[in-house]
Amino acid sequence: MPRAFVVVLDSVGCGGAPDAEAFGDAGANTLGHIAQACALGQADQGRAGPLRLPVLDRLGLGAAIKLASGMTAPGLGAIPTGLWGAATELSRGKDTPSGHWELAGVPVPWDWTYFPRQVPAFPPELTSKVCDLAGTDGILGNCHSGGVAIIDRFGAEHLRTGWPICYTSADSVFQIAAHETAFGLERLHKLCADLAPHLHAMRVGRVIARPFVGTDGNFTRTHHRRDYAIAPPAPTLCDWVSNSGRAVHAVGKISDIFSGQGITHSHKGKDDAALCNHLLRLVESAEDGALTFCNLVEFDSLYGHPRDVAGYARALERFDKVAGQMLDRLRPGDMAIFTADHGNDPTAPGSDHTRERVPVLVAGQGAGQIGHCGFVDVAASVADHLGVPAQGPGRSFLP
């Protein structure tokens, strides 16, 4: 029985979203602008020269960028040997749940709740709820912030008062940072789990536990992050496959994004290198007929949000080697899809995600142009390949 591997390179967009201007992202192009910066010698920290992605480019990456945005990305001009195209999102968001759910066949049918860019950012009743659940007299933060910056700013006061650090971003999220030892890791996870139903009822997509360790001036976030996401509004690709009696392997934060629904095995790791090891192992060991669904978050979290162009380029080049190893290990009949959930152009102003189309690169199904497609078509195509019933609005792009 054929197997399928869907690898989401978190935030690796390719520009050209038709509604980008409505999101304040006109002209954003994560891959295109990184390639331009590399060609101009503006991303030579830890690497040098043009962006080198021979494996992904041979599948059609450069062609997908040009299709999506009209840009000819320097260094990415290979003649495609795989199926390739560019996908456009319908959901009214540029966040993790919206992108992943729609890739899994379910567009988001509601508008997310976002917190305003003011201080305090949260309504008093929400702050009171956090205090009641945490057993504290107050919270710290109560604003928009990056995760590292908020810990540096409030970490010492958190250690002194015991109050949780609560913050948000341009996404529909409520994040709580707390010291693993002083506040307690289990206590932080329980606080987020207990708070999640209240936030989900408000249509806030995720409550995220952000533990850290260290002392003032030397705080470090740990890999014990946990996301408490609202459940998808309908059965997704994961459910379609698992309900057909097949295995669904979730690598990285996929299980969190789908609230565990339809997941039969979850594989976590402290970083993308560990997740790539899981991915390569599963290419060799996953069961016949199985779906492996992988998210690699560090493109987004370590390089997109901090606007680190060189770091993003290094991460892309590292993964290209992993993609080559992965393709070498595919069995006859297997299909691998490399795509993304949104953009996060590291050359754009600010630190938020960017509304973009995403590349769709398919190995194991011959060569040819998919053209423009929808996020939902990824799910329909995987279902088609695996021979399971598809329940979403997508259409298969497989030949």
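The following questions and answers go through parts of this predicted model.

Guide: Residues are numbered from 1 along each chain as its sequence is written. In this predicted model, local features need pLDDT of at least 70, side-chain atom pairs count only at pLDDT 80 or more, and totals for chains, interfaces and linings use all residues, while side-chain values use heavy atoms, with hydrogens and water left out.

Visitor: Which residues does UniProt list for "binding site"?

Guide: The record is an unreviewed entry, and its annotations may be inferred rather than shown by experiment; positions are in the numbering used here and feature names are shortened. The listed residues spread over 54 residues of sequence, yet they cluster in space, with a largest C-alpha distance of 8.3 Å. According to UniProt they are D300, H305 and H353.

Visitor: Is D300 buried or exposed?

Guide: D300 is found in helix α11, residues 298-304; helices (H or I, at least four residues) and strands (E, at least two) are DSSP runs, numbered from the N terminus. Buried means under 20% relative accessible area, exposed over 50%, and partly exposed in between (1.4 Å probe, protein chains only). Because its relative accessibility is 5%, D300 counts as buried.

Visitor: Which side chain is joined to that of H305 by a polar contact of 3.3 Å?

Guide: H305 lies in the loop between α11 and α12 (309-329), and at 26% relative accessibility it counts as partly exposed. A polar contact is a pair of N or O atoms within 3.5 Å; within protein, one must be able to donate a hydrogen and the other to accept it, and residues adjacent in sequence count only if both atoms are side-chain atoms. The partner of H305 in this polar contact is N344.

Visitor: How far apart in space are I34 and Y312, C-alpha to C-alpha?

Guide: I34 is found in helix α1, residues 30-39, and is buried, with a relative accessible area of 0%. Leaving aside neighbours within four places in sequence, its contacts (heavy atoms within 4.5 Å) include Y312, A313 and L316. I34 and Y312 are 278 residues apart in sequence, but their distance in space is 7.7 Å.

Visitor: What is the length of the polar contact between the side chains of Q175 and R210?

Guide: Q175 is found in strand β5, residues 173-179, and counts as buried at 6% relative accessibility. Among the residues that Q175 touches, not counting those up to four places away in sequence, are I208 and R210. The polar contact joining the side chains of Q175 and R210 is 2.9 Å.

Visitor: How many disulfides does a search of the whole structure find?

Guide: A disulfide is a pair of cysteine sulfur atoms within 2.5 Å. The closest cysteine sulfur to that of C238 is in C294, 12 Å away, so this is too far for a bond. For C294 the closest is in C276, at 6.5 Å, which is also too far for a bond. The number of disulfides found is zero.

Visitor: What is the angle between the planes of F122 and F174?

Guide: Rings of Phe, Tyr and Trp (its six-membered ring) pair if their centres lie within 6.5 Å; planes under 30 degrees apart count as stacked, over 60 as edge-to-face and the rest as tilted. The whole structure has 11 aromatic pairs. F122 and F174 form one that is tilted, 4.6 Å centre to centre. The angle between their planes is 55°.
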